[in-house]
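I opened a new entry today. My plan is to look things up one at a time and note each in plain sentences.

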Amino acid sequence: MKHFLALLLALMMALTMVGPASAETAGSTVTVAVDDDSFTVGPWGGDGAVRDWTEATMWTHLCNRPFIGAALEAGELEMVAAKSVTKVDDTTYDVEIFDNIVDSKGNAITAADVVFSYTKLAELGYVSEIGVYFDSAEATGDYTLTLHLKNGTEGAIEEMLCRCSIANQAWYEGASQDEIESSPACTGPYAVTAVETASSITMTARQDYWKTENLASVEQQNVDTIIIRCITEASMRSIALENGEVDMAEVAATDVSRFEENDAYNITNYNNAMSQYLIFNTSENSVCADENVRKAIAYAFDSMTMLMGGGSDAGIVSYDVAPNLAPDYVQEWDTEEYFPWNPEVAAQYLADAGYAPGELTVRILVTAQAPQGPYQAMQAMLMQSGINLEICAYDRALRQTYQDDPTAWDIAEYSDSISDFTTHFWNDLFSENNYGENGTQGFTVDPTLQELLVAANADRSEENMNAFHDYVAEHCYMIGLYTEIRSIVTTSNITDVCLQKLNPVLNAMTFA
Amino acid sequence: MQDKMNQASLFQVKNLTVEYHSGDSIIHAVSGVSFDLQPGETLGLVGETGAGKTTIARASLRILPEYSVERVDGEILYNGEDILKMNDAQLRKLRGEHISMIFQDPMTALNPVKTVMSQIAEGYKEHHKCTQAEANRRAIEMLEMVGIGADRANEYPHQFSGGMKQRVVIALALACSPKVLIADEPTTALDVTIQAQVLDLIKGLRNELGTAMILITHDLGIVADVCDKVCVIYAGRIVESGTKEDIFDHPTHPYTQGLFAALPDLEHDVPRLKPIEGLPPDPSQERRFCDFLDRCPHRCRACKAFAKDSMIEVSPGHYSRCWRTGSEEA
Amino acid sequence: MVKYVIKRLLIMIPLLLAVGIIMFTLMNFVPGDPAQLALGSGVHTQEEIELKREAMGLNRPFVVRLGEYVGNIFLHFDFGTSLTSGTEIKYELMTRFPYTFYIAVFSIILTIVVGLPLGIYTAVHANSFGDKVSLFTTLLFDCMPSFWTALLLVLLFSLKLGWLPSSGASGWKHFILPVIANSLGGLAGFTRQVRASMLEVIRSDYITTARSKGLKENTVVYNHALPNALIPILTVIGMRFGSMLGGATIVEVVFSIPGIGQYLVNAINGRDYNACTGGIIFIAFTFSVIMLLTDLLYAWVDPRIKAQYASSSKRKKVAANA
Amino acid sequence: MPEEILNEIVEPQERDHDHERNGKHGHGKRGHGHRHGKPKESVKPGSLKYVWRSVSHNKGAVAGMVMLAAIVILCVLSPYICRYGYADFNITEWYQTPNWNHLLGTDQMGRDLLSRVLYGARYTLVIGITATAMSAVLGILLGAVAGYFGGFVDSCVMRFLDLFQAFPTLVLAMAFCAVFGTGVDKCILALGITGIPGFARLMRANILRIANMEYIEAARTINCPTWKTILRHIIPNSVSPVIVEIAMTISRNGLTSSSLSFLGLGVQAPKPEWGAMLSEARSYIRDYPHMVIVPGLFIVITVLSFNLIGDAFRDALDPTLKD
């Protein structure tokens, strides 16, 4: 018996020797905690918090969009790998890239590599915008190429230029999966030096970076080493921050107060790209087909109290379905009255709809993994107005299938992110070509709604935007709820957290 | 009580009383048992199952089950020293070297995961500070003495039959050539043919090593074959004791007579054997008068007057715990 | 012996095949469209979703995908690529398995190092005060939800006392708290099983024989009682270690250790059919291997079972001279 | 014939004074406190009456039962005795620590924790008991079939059980919730299914032990049909070990359902199931610890009482612990 245990221990010792060693890094280092553990460091990969924060740092792109809605014609795009972009016609663009681009393993980058990168990404299908807009590309010289788009819709070229990482074709096709995932040939300002799968990435600034002057914001090298650590549990992230194991982390709204008084930490609040809104199922198999019912519900609750149900009041109440982030948002909407909490009006609409208090039951479709506080707050408020709210929470996948089934729910709480214009946000929700014969996300078949949408999309004039906004509010098809304010807490030596497209650009921060 | 107990006796039990507790009741297993054993002598303890024979044997090595023993009184003297008062160190020295025991069921008496040789060598090594090789040699020597080839020394108990296992137990008990051997129904679990072999083996080793032996059995045939002195036990008390000839030639106590009457006799055939009526008494109750009263064919008022804890001498060395002893022949 | 091992390995193959097919079918008929999920949260046009489905090859009929997937696993041992992240599943599992393996090995060692002596002590001193106290405290740990214990451990040791890092998996120090949290729960069950097994052995005849040989009490307990009592305990250790190799999901989620448990949780949530099935087959494989090792260990510890495995030729010889 | 002479029984009190007691000398341990001479009618060990008697002596089990009874009573009475409904929501009173107004404080929505916890007891108990009942019934049937028929049926059921045991219970329950969605009924189904192997193995072991007993062969010889044998002989005899497994499974289900809620599956938030409350409050563990401690404590108490009861039944049945 004794030697049995001894054998076990010997086996153990051998294993710990080969265990994961954390790489020692010199120079200034910043450790950042994120909550997404499905990250990959290869040039192209699935969507996720880590990839949003690091892709531009590791892999060069043709251009970079510093803020939401930055347009090519207006010259607001930062040139990164591309030296110049000239528009031939709505669907073709000539691009000239720098001739001295070299990746971290010394391979030169030519136009052919850029063409390979685009066709590979379109084939892998990770970035949906590329799939939708990219038609083809061909190299017209060593460092010149032509991009062809499927259609000329606005914002298409910006998406094309900024969403595809560029990697060396020879290296990519020769590298093993392990090499791509742990020590790739990075074309961006930082090279990946160590990866512990689903646990941490270590990136160090490349001394031999090919670009020296007028660097774009994503190409800054303000810190020597960036370590991204994945901590999935929210409370553990704030503990890691307090413990000093991590210098920067996105902190849940409930934990922010702890860091406010403490001056060892700076807090940067930023408007979360994801804005929450409420969809009414206007098809005939739901009670919400009746406008009075929709309005009764709309006036029977207050979105700020609903937000506070989640445990904190950090958030901005919406005055339209879309958040007030894009340039074409009409500021007057924020001054107008937008479905305030008014139980009498709600009671009136309920009576008009022919329901006695307590008679009407409405099903709301939500995601199980999301915090349930807001929905419980809404449920309690609606109950006070005699409307019973039944919360149907499903896990993410199940919820998406029920979303398209008009018989499964009456109202649904959903969220969408805004990338460039309010009209695009509206298209995601209302445009017919997205939902076919269902009409809109709320199964609304309303030709005037579609006309107003097309008009608003055409010129984005204030008059057309107002027309659409008022029409949606008047018929109460969908109502905006709120946009959470997210807070990033950093140790005091990290001052201005540079935020682009609502994602921090880690290497562009200033370090005291 | 027998007063002429001389000091020279090797092993002496004086007024031993053992009680167990089970649930809420107290079990009087052994009450006031006394006997002694001279060097080289073999004493047979005879009685029905549940009469307390095994308790006496286990008490003398102090291996009664801790969790259920209520009380142990009296003295067990080995060379004048009381075993019941020994501390752990003395006790360990005694077990195996001076007194050792053969158990009833060979199937479970040996450790299934250790080789036969190691179990014997272990006992020997405990008492004789010697090297493992020496102990193994002694073990193989003992195995050959009980008729098991040296080639099987490294095998495990499950590879032996019942009879072979009992031989191993005997070898184990006699490894340190103890002065006293207690055999607790060594052959009961074996079939008749093997029984004879084992008994011859025990007799041979006893004569060869000169060990005194207490043989516990319920089989009068074995007693006649092996023992010098006999004590008949009933309900935890010795009801008759004496030499083999005394007991077999003129059994005095009604219970002993009953035992002999129940034996089938080769000379004359009897349509039906005469069993002793009734059942052994409930050990959890204590009876005021003679324990055998309810089953005794000669019970009468005098029995109630008889002092239960005294015995009457029939002839020198032959005692019986019944008032009818010596008054008139049954 | 070798023949027995081969037989057991052969049985494993149909078992794993069955696991693979059941899991793949189950996941496929689960509501939820992996293409939509892979696009991440937010609204996506029908066109985007269709493109994604094409990229993920979900448009091919189910039977084709099942055949291809299972074929890959069993013929060229290729677990296919994950639907969401596109990386090879075999690569993902191989990089995550060491973490789960460390937690499992250290937890089982901690359970044995604490559970065994405690079990023996409570058996030898049955119904004593020590026995009742140990039973109660281990029971208390057993009844606490594991994530609660994990959080309390972090608050105490990492935050208040600052001795240990709160989460992550880079150094060996990171594994102390997760291992404690993981094995604390199972301790009560294990101690009770050791106690019951020891009690049964201590009251058997060969222990009385050992005592009658004049051996010291410790020798009797540790050399004679313990080896026999350990035989049933081996199965308990084997089962517990086998299931731990399936990943300690809660501990991995709380301490952000990239183990198999967490990988499966994300795979199921993201309806990543390939990753899910691959992970489950991997767990079933490790579990069966552990079970086989336990059985072999059985033979090594208990000679009676070794005899059963003895090859037939040897068995005839043994029978001849018995 | 000798006239009727009968022995007399000596009462133990009377006997005590004439033998002086020497506890130290006798190395035996003191017996049970009270001893009464009258013989107890012997109860067949393993029968329910015998088991119940020894369980009622076990202090731990009694404590467990008292705690359990208290929780069940409070849970049933909670809508009447609590000042607040479990869903009454008052944002101005959020995060209150235990005070006179709210005996156990309030949560992030200002709801009274005392009424939520008491009301929530029904979910945990209902889930625990129904899931266990389900796995007991299915498990026993599966085990009985496997044990009784043996041979091919047995080995393939056993392989199936090994398969089941290979998956960590949490992953299996999760796959289940993912397939059928979340909610109380789905949680019961998930826990019910994952509990089957435990009962099946127990039942099979029991059947094998009893099946080779003589009285089963006896029943077969008088050609009593198989199903009758199973129902009449085998199942009644395995009732006691099943009770132990039931107690243990209920307590395990309580824990697993709270872990499921921790992962966002299982019972959904508005329903005050303890596991959901605990996992929902975990991000407040540092600022408002009472929100985590209250449900956690109730889970520990319930699971502990089931464990204590289960232990008492196991000790009562375990032959090795007879003294």
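Entry 1: I began with strand β1 (residues 11-22) of chain B, which pairs with strand β4 (residues 69-78) of chain B in the antiparallel sense over eight bridges. Two strands count as paired if DSSP finds at least two bridges between them. Helices (H or I, at least four residues) and strands (E, at least two) are DSSP runs, numbered from the N terminus. I picked one bridge: Gln12(B) has Leu77(B) as its partner in β4(B). Leu77(B) also stands opposite Asp82(B) in β5(B). Strand β5 (residues 81-82) of chain B runs antiparallel to β4(B), joined by two bridges. β4(B) and β5(B) form a hairpin with two residues between them. In that turn, Asn79(B) has a positive phi of about 50°.

**Entry 2: ground rules.** I must remember that this is a predicted model, in which local features need pLDDT of at least 70 and side-chain atom pairs count only at pLDDT 80 or more, while totals for chains, interfaces and linings use all residues. Residues are numbered from 1 along each chain as its sequence is written, and chains are lettered from A and ligands numbered from 1 in the order in which they are written.

**Entry 3: a sheet in chain A.** Next I looked up an open sheet of four strands in chain A, with the order β4-β5-β7-β6 and antiparallel pairing. Which strands sit at the edges? They are β4 (82-89) and β6 (134-139) of chain A, and each pairs on one side only. The twist averages 20° from one strand to the next. Inside the order, five bridges join β5 (residues 92-97) of chain A to β7 (residues 144-149) of chain A. Glu96(A) stands opposite Thr144(A) in β7(A). Helix α3 (residues 111-124) of chain A packs on this sheet and touches β5, β6 and β7 of chain A. The direction of α3(A) makes about 160° with that of β6(A). Such angles run from 0 to 180 degrees between N-to-C directions, with axes fitted to C-alpha atoms, for helices over the stretch in contact.

**Entry 4: a covered helix.** Is helix α10 (residues 291-299) of chain A mostly covered or mostly open? It is mostly covered, with seven of its nine residues buried. Buried means that 20 or more other C-beta atoms, placed from the backbone, lie within 10 Å of the residue's own. Among the buried ones are Arg294(A), Lys295(A) and Tyr299(A).

**Entry 5: chain C and its neighbour.** Chain C has 16 helices and zero strands. Of its 322 residues, 52% count as buried. Which chains share the most contacts? Of the five pairs in contact, chains A and C do. A contact needs C-beta atoms, placed from the backbone, within 7 Å. Chain A gives 49 residues to the contact and chain C gives 52. The side of chain A that touches chain C divides into 14 nonpolar, 22 polar and 13 charged residues. No contact joins chains A and B, whose closest C-alpha atoms lie 12 Å apart.

Entry 6: The predictor gives the complex an ipTM of 0.77 and a pTM of 0.80. Chain D has a mean pLDDT (the predictor's confidence in each residue, from 0 to 100) of 75. Over residues 14-40 of chain D the pLDDT is below 50. Where pLDDT is low, the predicted coordinates should not be read in detail.

How values were computed: Buried ≥ 20, exposed ≤ 12 C-beta atoms within 10 Å, placed from the backbone. Contact = placed C-beta atoms within 7 Å. Nonpolar A, V, L, I, M, F, W, Y, C, P; charged D, E, K, R; others polar.
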